[in-house]
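Take a walk through this structure, one part at a time. Keep the sequence at hand as you read.

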Amino acid sequence: MIRFEDVSVTYEGACATTVRGVDLTVPEGELVLVVGPSGVGKSTLLGTVSGLVPHFTGGTLRGRVTVADRDTRTHKPRELADVVGTVGQDPLSHFVTDTVEDELAYGMESLGLPPDVMRRRVEETLDLLGLADLRDRPIATLSGGQQQRVAIGSVLTPHPRVLVLDEPTSALDPAAAEEVLSVLQRLVHDLGTTVLMAEHRLERVVQYADQVLLLPEPGVAPVLGAPAEMMAVSPVYPPVVDLGRLAGWSPLPLTVRDARRRAGALRERLAGLGPEPSPDRTDGGRSRRTEGSHPRPALPSLDRTDGDRPRPASPSRPGPEPRRPGPEPRRARPRLAPWRRRHGKHDAPAVPAVPYENEPVAIVEGLGVRRGRVEALRHVDFSTVPGETVALMGRNGAGKSTLLSTLVGLVAPTSGSVRVGGLVPHRAGPRELVRRVGLVPQEPRDLLYADTVAAECAAADGDAGAAPGTCRALVSDLLPGIADDTHPRDLSEGQRLALALALVLTARPPLLLLDEPTRGLDYAAKARLVSVLRGLAAQGHATVLATHDVELAAELADRVVILADGEIVANGPTADVVVSSPSFAPQVTKVLSPQRWLTVSQVREVLA
Amino acid sequence: MTTGERTPREGPHPRLAAQRPDPPSPASAAPRRRLAPQANRSNALHPGAWWIWALGLGTAASRTSNPLLLALLIGVAGYVVAARRTEAPWARSYGAFVKLGLAVIGIRLVFAVFLGSPIPGTHTVVSLPEIPLPDWAQGVRVGGRVTAEALVFALYDGLKLATLLICVGAANALANPARLLKSLPGALYEAGVAVVVALTFAPHLIADVQRLRAARRLRGRPDTGLRGLLQVGLPVLEGALERSVALAAAMDARGYGRTARVPDAVRRTTAVLTLGGLVGVCAGTYGLLTAEGTAYGLPVLLAGLVAALAGLRLGGRRSVRTRYRPDVWGPRSWLVAASGMAVAAALIVSASYDPAALRPGVVPLSAPTLPLLPAAAVLLLGLLPALVAPAPPPRTSGTAMPEATAKARPTSTARPTAKAPSEPSAAPRRSDLSKEPS
């Protein structure tokens, strides 16, 4: 269906070839997953199929790509529109019209299909994707999962033989992601559509793939093969594969179900070792919540946490290490230490960056937020103490972002009270507030205005009233090897997140909030983020993350708060909350239940 | 009466709807439901019909300065909007037009107070100090006597303008602008798409500005004031540019701009007809406006118009596009359009019969009276759309719409992607809402 003949792509101004030596054939009716660390050219490879690379993006394409026997060199994207359907990363920038039904018809109108055919296909597609109830709704009013389904539907109506999807589930909550993936599976099974899909969150998609196209690193020829074989050599892999590699299972399990079948022996080995994994963490969480007024035992020292909570151990990772600037997970901690010392110099030398206090850094009582007739939050009680990491979870629109916005004063409460570091956030001036609480928004780019990293840092020092150079030192710690004159737009997603984090940390807020920090990050960038956030927690920063990423929550959070329809429905230590929940349980928990393990690193630690 | 009071005819959950007792509904709702079916795409009014209705009301407003009649027109327009507008984003523009109308009245009054008015008057309300102006500024007055007559005249004048604006706002709220543009001839289709894309970009741009201004607060800078607005200008433009490039790529990949091969002869004829037609239109207009050209002006203008239209029609052949469910101009559309035209006709006729009633005296001041016949015409004819136009489905206020708008407010740091609750949660909530008698 799709043939790549010795394809390579070079962009102008780029020093190296982005994609090289692609020589393979994707058969009809297969779901092929494109896998690799970020920056290896997954999106470029997908673009060559629809003809957007190079017709739209520029650059030089060598070799030949043929889709359904049409050469993309001689056919422009619009002439391939009837055989290839493309959905990009952001469904919102895909929509041309304003209502669901018009959007589904748009592609067919462009192709000039007769009205009766269009009508029939729109009705079929509405049923196929479960959109019939939404047919007259303006697209702007749909939820993320619904929008993603409309975007897929809008390219399905012309009956393309190939569907190209770039990160279709990265912005979605677990349930909405399942919804989209089941639709894709149905297309492959029932209609014989060929699907080519790139996705970072492999734990969600790898079990649906018929084949995996692995791009191990930039400029290296990609390999197409069976999912289990590819996962055995891939530098990026989901936790279930990590567990399989650790236990030495062969062939590697790709689904929780496969893994459970083989996990009997492993469960026996682990049986006596820790039915209550990470006791320090759960106890810590509990004691902090229940004995808030008592003097808390000193936080574990850096060395101890290092021993107790190993990073997702990169040394044991086979395959080529992703080459990205930034601290390696293991090296991050020692690098953060000097930064802490540097901070100490600015105020009292012996005082740590954030004074440990027993009182909570944020107290939310009976919080209600109304927008028009919708209650975004209702009777929310929440507090967090220094050194604690809390994960806010729940479906899209459950009120996670609203709660974070309230904590940082962007939203005024309708009822109840919010106090952060003794201030009422929505009444406080921005200058005082940044020293109490910092938020890294879902789109870290929103925080960046200047055109170089150095200018950004200077501005941040000024805004926070910190000594000149404070921010730059933070950037060097979080993002080593970034030149002063780099434009923030040229950074990768993970680097941009680190820069935004450094800007926010310049004012040293005791409370740090992150909204969907792992969107668009690959596993390596995620592991670095985890180690950075652990380092901050060890220094006494309280961290609240709103996330859909159950693996991140399992790895990082002391406590998980689940919101539904603006109310807190669960609030407790991570292990207690996620173990019992089918949608929020991480893969390792599902594989090893009824034992209560959360992450592969815990298991690895015990077995070592 | 708001649309919220209407009984939902088809709840999202027929099973639930069948179980619950019918909520009490106002008696007036019953005949309205019998006359007009619930709106869906098949029976949707042609957007042109709404525009003709609204422009009819506007024409009527331009024929009178009687404040009672103008208020009646505003009331009629407002009632129809309240009864028949949907939850779509464009439907929310009505409030903005009403505010604009109020601003126009305010500005008109302020001008009358400070810059004086040519209306002679005897009832002095207040005397402002007059600023002496040099000779060359003769005829301009700043400050001075403010008379009741001048104020009343300004009020009537402002009210007339505000009514016009509100009528346009009503058309905007009731007719989907994108669907109106879809009715354009094929050759103008691409221009139509450009307008539609611009229409959807404006809200995105505003949401971007608000989001970035909110983000300034996160950096510890004040998020209000002009400087804040200026500083986010560049990132906002960057974002808009990126979004338009992404949209252009998406449109290209979906077949936008595919053209059919047309014979060279047809292509050349199209070019000749269109160009020649436009030249003809220009020459004809020039002829009409100059003294010596009146003889040939009109025929040339008409010939030019015909040629240009033929060129457009022929040019449509290049486009391979087809139309999905175009709006049909049915009997209900005729009724709505006729209603607007009838109101306009009624006021034009009565303006020639009884000019005094439609233009109440300002000098000397007199209380306006409501002329019965025109008022009855406005009420009975103008309100017709509220009866015959298909009723929008009952509001599902609990779910997506308000939340989506709230997300676009500066208060949210989230991207403007609407984060309405996903469907499983939305359905039960909707039925909860509809259980409450409103």
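This is a predicted model: local features need pLDDT of at least 70, side-chain atom pairs count only at pLDDT 80 or more; totals for chains, interfaces and linings use all residues.

Residues are numbered from 1 along each chain as its sequence is written, chains are lettered from A and ligands numbered from 1 in the order in which they are written, and side-chain values use heavy atoms, with hydrogens and water left out.

Start with chain A. It is divided into domain 1 (2-236) and domain 2 (321-589); such bounds come from an automatic or database domain assignment. The C-alpha centres of these two domains of chain A lie 33 Å apart. Contact means heavy atoms within 4.5 Å. By that rule, 18 residues of domain 1 of chain A touch 19 residues of domain 2 of chain A. The two domains of chain A bury about 1,600 Å² between them, where buried area is the accessible area (1.4 Å probe) lost on being put together, summed over both parts. In domain 1 of chain A, A:Asp173, A:Arg201 and A:Glu203 lose the most area to domain 2 of chain A, together 33% of what that side buries. The count of salt bridges between these domains of chain A is zero; a salt bridge is a side-chain nitrogen of Lys or Arg within 4 Å of a carboxyl oxygen of Asp or Glu.

Turn to chain B. Its assignment gives domain 1 (35-258 + 331-421) and domain 2 (264-318). Their centres, taken over C-alpha atoms, are separated by 35 Å. An unreviewed UniProt entry places the feature "transmembrane region" at several spans of chain B, including 96-119 and 271-289. UniProt annotations may be inferred rather than shown by experiment. Residues 271-289 of chain B are 100% helix, with end C-alpha atoms 27 Å apart. Helices are DSSP runs (H or I, at least four residues), and strands are too (E, at least two), numbered from the N terminus. Residues 96-119 of chain B are 79% helix and 0% strand.

Now see where the chains meet. The area buried between chain A and chain B is about 7,100 Å², with 51% from carbon and sulfur atoms. Twelve salt bridges are counted between chain A and chain B. One salt bridge joins the side chains of B:Asp252 and A:Arg78 (3.1 Å, N to O).
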